Amino acid sequence: MSSEQLEKLSGLLGGTAKVAYNERSNLIRIEVERGELRNVAVQLRDYGFDHCSSVTVVDYPKEDLMEVVWHLSSYSRSEVSRYTIGLVTSVSRSKPEVASLTDVWESALFLERETHEMFGVNFVGHPDLRPLLLPEELMGTWPLRKDYQLKKKREDVFKKGGASL
Amino acid sequence: MGLVLLPKVIEVGDEGSFYLGNLDQVAKRAAEYIKSNRVANKMITWGYSYSLWPAYLVTACCGTEMAAASGPRFDLERLGFLSYGNPRQSNLVVIDGTLSIKMAKVVRTVWEQMPEPKWVIAMGACVLDGGIFWNSYNTVLARDVLPVDVYVPGCPPRPEALATSVIMLKEKIKEQQAKYLRRSRKGALNKEGVSSE
Amino acid sequence: MTQEIKTIPFTYEALSQLKMSEGVLELQIGPAHAGSGHMRIVAWVEGDTVVKVDPDIGFVHRGVEKLSEDRIYIKAIPMVERPSLVDTVNANLGYVMALERLLGIEPPPRAQYIRVITAEISRIMSHLYGIAIYGIFMGSSTVFMWAMADREPFIDLLQELTGARITYSHIIPGGVRWDLPKDFAENAEIALKYLENRTKDYEKVWINNPVVVARSMGVGKLSAEGAIRLGVVGPNLRASGVKYDIRKEEPYAAYEEFDFEVPTFKEGDSYSRLLQRVEEIKQSIHIIRQALKRLPDGKIIYEDYYKRMSPLMKKIYDEKGRVKFTLMLTSLSPPKGEAVSRVEGGRGEMFYYLVSDGGKAPYRFRVVTPSFRNLPFFTHVMPGHKLADIPVIYGSIDYFPPEADR
């Protein structure tokens, strides 16, 4: 993406959004504060990014925060259909809460439900946050966080042989 | 022969009345007698081993190789293997693939609904000892859930391997029935007329 | 019958109100069923009409995303292939593309062409499997047997190349692992000609069959605006009228050099989804023929990796055309950063997001499969139809539960 297009896009979104472009992956990374999230999302959807590909969380326990990422792409506007946008906002680890964007993109319905049961992030305003993939016994243990340990019964074998991981 | 069959079920009680005994035990002893007859034993073995009908239960990704095995190239139906919809009228469970916690409960329920005699074939590396998903938070080994008869290694196993496992199960059924025949002839039946194994 | 797209409220109050009204029966079409696959479809019916459908998935969830943080980068390749088992080459390709973008390397042109050939063969196999499952859900075992048999020539082609039936792990960062054997082009031409003649048989028996037309025409209609709003992907999207294919929008792996069309249909019902898959098979055959004619020469592995091979490995490469795993590949540690890649699989768009912190294992690996994004068909399109239309809609969207659950 050329720098004029990038400047036009960041001018559209307002002052507090930080925009960066990764050329190898055609990825535009936009970081916003929690309060501005919904306005920026509506602006992006009206610009032409009308498909939500993925909702996920990257967990940083050392800095005590979690980054919630929405990845967006465009079905209807052909000059931006080759780019992917990563909309990033940070929440604290002790009380993870963020506004749900299902009324902006309805394709985020099942994706946010899966992210909630894996990480424990509460999407305020989502119509249905029941467990989707996990059985009832594992609900509440938030398996994908960094402090959930996997079974390691063959750890001794790997260490003795010398091969790592 | 007839006198040997009827055990002491007719006893003369007080004042000349007859005591006919327990009809349930009589039926069991009759069935044991028929099954320990050599000709009938062979017919029953032939019936079991050539009509192994699995219930419709696909567990994970090895199911595509089981579907390809039912296709026309590796035809499993010539061995008598036909998927049937009702678990109460089938006698085989093929566990293909990883068992997650949710699926293990379903498999156990289907297993308990099937009448005796019944067998289990476990397919794939994930049910042997974990496979490549061995330390996941959501998987169970098959031997913790069901008693398994034949294991088929591979990831996924080739359809020829599945056909070989069906033939191995037939050999196992023949051995089981021959052992039963030997023990019943030797008189290993205990007092109540039921075999001691 | 026409069906509007409406959002059904999922709150618990709405659920309890449904249960109290008379005549509404809750059916559980469970995993031990001939027409449900590895999932449970909970349907509320009133008489013969379906009122609400709730998909209960997660029966094949194995936790690929968490397990990949515990293993080195190259061990995630088989773990990514196993969920989408009918279409393994495209899944493999997407992950390796994201890893190559993190490392900053590009494979040579001959490797790109071989990647395109195997990816298109995998797409043909995936569409044939979809047609087989669609047939068996409608009750016809003829089409199931035919389509399963027609996959076998292509499985044999790739078995001659790699040695395995469906899980190849053929694509690695830097190129591919095996070079094409000498008679690959002739065998491929025989298989493609065979499949072209078979499409005439399929048209006579299945596609122009009055039973199929009556059961699937007008059933499960989804308009173009509805498809964009719900976020569906793949042939389901193109059969509703939206012309979107990642091989044309963001071309990857030498697709820019081939000329092919992207077919679309307007109606968006189950019958047009079936026709869409047949048309895409024809386009794939066209691409494979072009690629085999113009195959360039050269190496199949990145130049820097070739220089670091030991003399014995170079000798094996020169004689047999086979790349063995060097220490370099098993101890990859890309620099800090993130990468995103999108691939057009047989069922739709596969999305990969990889975050690295300089170590030997990924810091975060996210994969979204196309079957997971076709889930809104259950909740938004099925209500309003008859009970006997549930397997017809399910079979036409080509939903594969192990892929959705990962």
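Author: In chain A, residues 24 or more positions apart account for 53% of the contacts with a separation of 6 or more. This is a predicted model, where local features need pLDDT of at least 70, side-chain atom pairs count only at pLDDT 80 or more, and totals for chains, interfaces and linings use all residues. Residues are numbered from 1 along each chain as its sequence is written, while chains are lettered from A and ligands numbered from 1 in the order in which they are written.

Reader: And what's that contact share for chain B?

Author: In chain B, residues 24 or more positions apart make up 76% of the contacts with a separation of 6 or more.

Reader: Ok, how many helices and strands does chain A have?

Author: Chain A has four helices and seven strands. Helices (H or I, at least four residues) and strands (E, at least two) are DSSP runs, numbered from the N terminus. Read from the N terminus on, the order in chain A is α-β-β-α-β-β-β-β-α-β-α. The C-alpha trace of chain A spans about 55 × 40 × 30 Å along its principal axes.

Reader: What sheet do those strands make, and in what order?

Author: Five strands of chain A form an open sheet in the order S1-S2-S5-S4-S3, with mixed pairing. Two strands pair if DSSP finds at least two bridges between them. Strand S1 (18-22) and strand S3 (51-60) of chain A are at the edges with a single partner strand each, so one side of each has no neighbour in the sheet. From one strand to the next, the twist averages 20°.

Reader: In what sense do S2 and S5 of chain A pair, parallel or antiparallel?

Author: Parallel: strand S2 (residues 27-31) and strand S5 (residues 84-92) of chain A pair over five bridges. Opposite Leu27(A) stands Thr84(A) in S5(A).

Reader: Which helix lies across S3 and S4 of chain A?

Author: Helix H3 (residues 109-119) of chain A does, running at about 15° to S3(A). Axes here are lines fitted to C-alpha atoms, for helices over the stretch in contact, and angles run from 0 to 180 degrees between N-to-C directions.

Reader: Switching topic: how many residues are in the contact between chains A and C?

Author: Chain C gives 36 residues and chain A gives 31 residues. On the side of chain C that touches chain A there are 18 nonpolar, six polar and 12 charged residues. For those classes, Ala, Val, Leu, Ile, Met, Phe, Trp, Tyr, Cys and Pro count as nonpolar, Asp, Glu, Lys and Arg as charged, and the others, Gly among them, as polar.

Reader: And between A and B?

Author: That contact takes five residues from chain B and seven residues from chain A. The chain B side has two nonpolar, two polar and one charged residues.

Reader: Where are the cis peptide bonds in chain B?

Author: One joins Glu116(B) and Pro117(B), with omega about -10°. Another joins Cys155(B) and Pro156(B), with omega about -15°. Pro117(B) is in the loop between helix H5 (101-113) and strand S5 (119-123) of chain B. Pro156(B) is in the loop between strand S7 (150-152) and helix H7 (159-185) of chain B.

Reader: What's up with the phi of Ser169(C)?

Author: Ser169(C) has a positive phi of about 55° although it is not a glycine. Most residues other than glycine have a negative phi. Ser169(C) is partly exposed, with 16 other C-beta atoms within 10 Å. Arg406(C), also not a glycine, has a positive phi of about 50°, and Arg406(C) counts as buried with 22 C-beta neighbours inside 10 Å.

Notes:
Two residues are in contact if their C-beta atoms, placed from the backbone, lie within 7 Å. A residue is buried if 20 or more other C-beta atoms lie within 10 Å of its own, exposed if 12 or fewer, and partly exposed in between; C-beta atoms are placed from the backbone.
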